Amino acid sequence: MDGPKHPVTTVDRTLQIVETIQELDGAGVSEIAERVDVGKSAVHNHLTTLENREYVVKEDDEYHVGLAFLGLGAYARQRNEIYRAARGEVEDLAEETGELVNLMVEKNGMGIYLYQAKGDDAVELDTYVGKRVHLHCTALGKAILGFRPPEEVEGILEERGMPDMTPETITDPDEFMAALEDVRERGYAIDDGERLTGLQCVAAPVTDGQDRSIAAISVSYPVHRVDDGYHEEVASAVLGAANVVELEHNYS
């Protein structure tokens with residue numbers, strides 16, 4: 001992504017501070033100053049301004065992201081056409097499978113969890129709405145990248161890298177591109193412990209009228225639940241849900 005020609009340094013620094021607080025799950029002035037490489041006094045000025053507008057809150061000696069961001073995030077999500085088209089299907093799929101179901105979109109080479117629903121047997125994971133993750137290590141990401149031009153995928157991998165999340169993570173670009181060929185052939189992607197050990201995910205892309213991915217839907221479940229027929233059953237359900245969302249989004 002190309003940066004702005006004339007960035008506003010103060011705004012950029014404020015956002016760095018907020019993102020650092022989120023990344024660290026709360027931080028003090030000294031820790032923030034070290035991470036963003038700016039003086040403590042300047043960091044304190046940013047924080048007090050944000051606190052006054054309720055975008056951060058202070059708890060003892062740590063600052064945390066405030067609820068004022070919640071309204072902005074909910075508004076941004078509600079404006080998203082994919083969210084509006086997919087929300088019902090995500091909820092229905094979670095009820096049908098009893099598992100954790102996620103909806104992801106790609107932005108600037110990263111995956112963003114846009115919505116999730118939990119069935120009765122859903123596992124508790126570190127994912128949440130708004131969380132950003134690398135695309136190469138998730139079924140959702142592979143489903144998205146599997147239906148993008150190769151040169152675009154190569155650009156994303158080069159810019160974002162392929163960090164090793166577990167021993168099963170694919171970190172070789174050539175191996176990953178070969179895996180995407182399998183995704184296109186099957187129509188869905190599999191993550192077998194590639195981001196979280198012991199977790200398997202199946203994801204299908206949501207595509208536009210030109211067969212380009214615009215989102216993906218996944219079902220996640222512990223590996224110990226898998227038997228001979230479970231994987232195929234889940235894959236069929238995910239493909240069906242993605243197809244309904246495509247129709248809702250592309251033709252409604």
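## Glycine 71

At 46% relative accessibility, glycine 71 counts as partly exposed, since that category lies between under 20% for buried and over 50% for exposed. In this model, which is predicted, glycine 71 belongs to helix α4, spanning residues 68-78. Glycine 71 and glycine 88 are separated by 17 residues in sequence, and their C-alpha atoms lie 21 Å apart in space.

Helix α1 (residues 9-24) packs with helix α3 (residues 40-52) at an angle of about 80°, and the axes of the two helices are 10 Å apart. Because angles of 65 to 115 degrees count as roughly perpendicular, α1 and α3 are therefore described as roughly perpendicular to each other. On the α1 side the contact is made by Thr10, Arg13, Thr14, Ile17, Val18 and Ile21, while α3 contributes Val43, His46, Leu47 and Leu50. Sorted by class, this contact of α1 with α3 comprises six nonpolar, three polar and one charged residues.

Helix α2 (residues 29-36) also packs with α3, here at an angle of about 110° and with the axes 9 Å apart, which makes α2 roughly perpendicular to α3. The residues that meet are Val29, Ser30, Ile32, Ala33 and Val36 in α2 and Lys40, Val43 and Leu47 in α3. By class, the contact of α2 with α3 holds six nonpolar, one polar and one charged residues.

## The six-stranded sheet

Six strands form an open sheet with antiparallel pairing, in the order β5-β4-β3-β8-β7-β6. The edge strands, each of which pairs on one side only, are β5 and β6 (189-192). Strands of a sheet pair through backbone hydrogen bonds, in either a parallel or an antiparallel manner. At the β5 edge of this sheet, β4 and β5 run antiparallel and are joined by two bridges. Isoleucine 112 stands opposite arginine 132, a residue of β5.

## Threonine 127, between β4 and β5

Threonine 127 is placed in the loop between β4 (110-118) and β5 (132-133). With a relative accessibility of 9%, threonine 127 counts as buried, because the cut-off for that term is under 20%.

The side chain of threonine 127 is joined to the side chain of glutamine 116 by a polar contact of 3.3 Å. Leaving aside residues up to four places away in sequence, threonine 127 touches Leu100, Asn102, Tyr113, Gln116 and Arg195.

Technical notes: Residues are numbered from 1 along each chain as its sequence is written. This is a predicted model: local features need pLDDT of at least 70, side-chain atom pairs count only at pLDDT 80 or more; totals for chains, interfaces and linings use all residues. Side-chain values use heavy atoms; hydrogens and water are left out. Helices (H or I, at least four residues) and strands (E, at least two) are DSSP runs, numbered from the N terminus. Buried means under 20% relative accessible area, exposed over 50%, partly exposed in between (1.4 Å probe, protein chains only). A polar contact is a pair of N or O atoms within 3.5 Å; within protein, one must be able to donate a hydrogen and the other to accept it, and residues adjacent in sequence count only if both atoms are side-chain atoms. Contact means heavy atoms within 4.5 Å. Axes are lines fitted to C-alpha atoms, for helices over the stretch in contact, and angles run from 0 to 180 degrees between N-to-C directions. Angles under 35 degrees count as roughly parallel, over 145 as roughly antiparallel, 65 to 115 as roughly perpendicular and the rest as oblique. Ala, Val, Leu, Ile, Met, Phe, Trp, Tyr, Cys and Pro count as nonpolar, Asp, Glu, Lys and Arg as charged, and the others, Gly among them, as polar. Two strands pair if DSSP finds at least two bridges between them.
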